[in-house]
Amino acid sequence: MSSLLLQALYLVAAALFILGMRGLSSPKGARRGNWISAVGMVIALLTTVANLLLLHKFTSLGAALAVAGVLIGAVVGTVGARRVHMTAMPQMVALFNGVGGGAAALVAVYELTFILGAHPPVAASFPSVFSIVVGGVSFAGSMMAFAKLQELMTGTPITYPGQQVVNGLVALAIVALSVYLIGFADSPIAFSGLLVLALALGVAFVLPIGGADMPVVISLLNAFTGLAVAASGFILDNFALIVAGTLVGASGTLLTLLMSQAMGRSIANVLFAAVGSPVAGAGAAAGAEGRSVRTGLADDIGTMLAYSRRVIIVPGYGLAVAQAQHVVRELADLLEKKGVQVDYAIHPVAGRMPGHMNVLLAEANVPYESLKEMDEINDEFKSTDVVLVVGANDVVNPAARNSPGSPIYGMPILNVDQAHNIVFLKRSMRPGFAGIDNELLYDPKTIMLFGDAKDSLARLVAAVKAA
Amino acid sequence: MTTELLTLITYFVLAIFVGIEVISKVPTILHTPLMSGTNAIHGIILVGALIIAGDAHTPTGYVLGFVAVVLATTNVVGGFVVTDRMLEMFRGRQRPAGTEETR
């Protein structure tokens, strides 16, 4: 294949990636956008394979391994993506991101070991080292994020004295080794040591970050993988890798900033403050000792809902964990049949990722016209009869508005406290991810209905039917 | 610095601006699918994995190539399929029958 045709086809693929990403920016064009990107990917891959075949690059064993590798990867990817529950989406994205980072690091290791020789020029060794380090951090960090979200290990931050110092030393060792390798290395094998250090940093960096902040971390690691892929493009002199990798690196960085902004926090605070540590929770909860909350019966709450004019449902991660999205829709349908106006107020970080709750509710056939974003619905709480808070806590905590000392101070919240009545469906009085107590639970307007969100909602459905 | 390297750097810099520009107007509700969709796009590292699999001629090389191809394909295929599954649910839907009359 002529170099001109090769470049032209890569250019088509790159244009399709850009069009696809633009399609993803509106609900109507999103699905088609994803398909457009996929077509771009197929063009880039077929072009590469055709070019390699025409150049007689593959040995027969190499070709067999490549085919086997693609088949295995395709099966694993498809089965994983098809089987995963919508609630487990964040960790699935982390997993797919991590393997991409791992692949980028391995490509760079190969280049250094077999192609570049003993004293590669800086223009080749710098991107290789970069790709190994960033790809390795992304792989190990994503696996940690997966383990935390899948609850293979505790989701609370793991901290120890001097942690930041240790992490800093690992990072420093990586920089020192990188400089040495780029400047003086004569044995390519030494680069493998760098991969080990990068993996260690990936693990150490995610350890002190709590489950609630994991989406921001996954987004950041997504950007990392993009950059590692772009660096691989520099080594292989490949236009498609550079453009696609950089697009993801740049958009992923912006998305990470937008996400931490939605939580009202700086990215540094998310990554290094270990928010959600048990210590912070214990300290804040002590202030609430001896106070009582009002608990209600499902029957009474059901009657109250059935005779309301306006009800707003605030879904949180608790709803997702309980797989209660279908029951909540059943309740909403029932109330609408009785003439109650029902809307869903979606906080930007409801669930575990921005937009996660929308996906979960869409799965339960909730029409997206009823899903109201925070800015759209915040003024309507004061004219709302009942707000039903299902498994959410931090996103409705007035401390974000009222107590400057609180870790969540400044985070935009839903104005649930302005409604006439508030019903909390919660498992227990345990605080939310941020580990801080919620004043609103003790408000005289608030009624608590304890239990699993799905059971509680089912009881409310029965009560509304009877009312 | 060679002209070739500068050309590569040009692609890189321009792609940064395009990447930022393209997603700056994405509504919050699409952040998760967007993260997942861009995640699939960096699966293009499969191109690199195939190139090294084609270059391999030693046991270590074969192993590296094979593992890289498996990982990268998982990234591409899983990424696109999972994003499509999420977006499949974003179609606008009719409200349940009878709702409008009773209101």
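Read along the sequence, chain B runs α-α-α-α-α, and the count is accordingly five helices and zero strands, where helices (H or I, at least four residues) and strands (E, at least two) are DSSP runs numbered from the N terminus. This is a predicted model, in which local features need pLDDT of at least 70 and side-chain atom pairs count only at pLDDT 80 or more, while totals for chains, interfaces and linings use all residues. Residues are numbered from 1 along each chain as its sequence is written, chains are lettered from A and ligands numbered from 1 in the order in which they are written, and side-chain values use heavy atoms, with hydrogens and water left out.

**Stop 1: the whole of chain B.** Select chain B, which has 103 residues, 57% of them buried; buried means under 20% relative accessible area, exposed over 50%, and partly exposed in between, with a 1.4 Å probe and protein chains only. The accessible surface of chain B comes to about 4,100 Å², and 67% of that surface belongs to carbon and sulfur atoms; such areas come from the Shrake-Rupley method with a 1.4 Å probe, and for residues only the protein chains shown count as cover. Among contacts (heavy atoms within 4.5 Å) in chain B between residues at least 6 apart in sequence, 63% join residues at least 24 apart.

**Stop 2: helix H2 of chain B.** Now select residues 31–41 of chain B, which form a helix that is mostly covered, with 11 of its 11 residues buried. Among these buried residues are His31(B), Pro33(B), Met35(B), Asn39(B) and Ile41(B).

**Stop 3: H9 of chain A against H1 of chain B.** Select residues 239–262 of chain A together with residues 3–23 of chain B, and look at two helices whose axes come within 7 Å and cross at roughly 40°. Axes are lines fitted to C-alpha atoms, for helices over the stretch in contact, and angles run from 0 to 180 degrees between N-to-C directions. H9(A) and H1(B) are therefore oblique to each other, given that angles under 35 degrees count as roughly parallel, over 145 as roughly antiparallel, 65 to 115 as roughly perpendicular and the rest as oblique. The crossing of H9(A) and H1(B) is right-handed, a term used if the near helix is turned clockwise from the far one by less than a right angle. The residues that make the contact include Phe239(A), Thr246(A) and Leu254(A) of H9(A), and Tyr11(B), Phe12(B) and Gly19(B) of H1(B).

**Stop 4: Ile9 of chain B.** Stay in helix H1 of chain B and pick Ile9(B), which counts as partly exposed because its relative accessibility is 29%. Leaving aside neighbours within four places in sequence, Ile9(B) is in contact with Phe234(A) and Met1(B).

**Stop 5: H2 of chain A against H3 of chain B.** Select residues 30–54 of chain A and residues 45–55 of chain B, whose helix axes come within 9 Å and cross at roughly 15°. H2(A) and H3(B) are therefore roughly parallel to each other, and their crossing is right-handed. Here Ala44(A), Leu45(A), Thr48(A), Val49(A) and Leu52(A) meet Leu46(B), Val47(B), Leu50(B) and Ile51(B).

**Stop 6: two loop residues of chain A.** Finally, select Asp237(A), in the loop between helix H8 (214–236) and H9 of chain A, where phi is near 60°, a positive value in a residue other than glycine. Then move to Asn365(A), in the loop between helix H15 (356–363) and strand S3 (371–373) of chain A, where phi is near 65°; at 37% relative accessibility, Asn365(A) counts as partly exposed.
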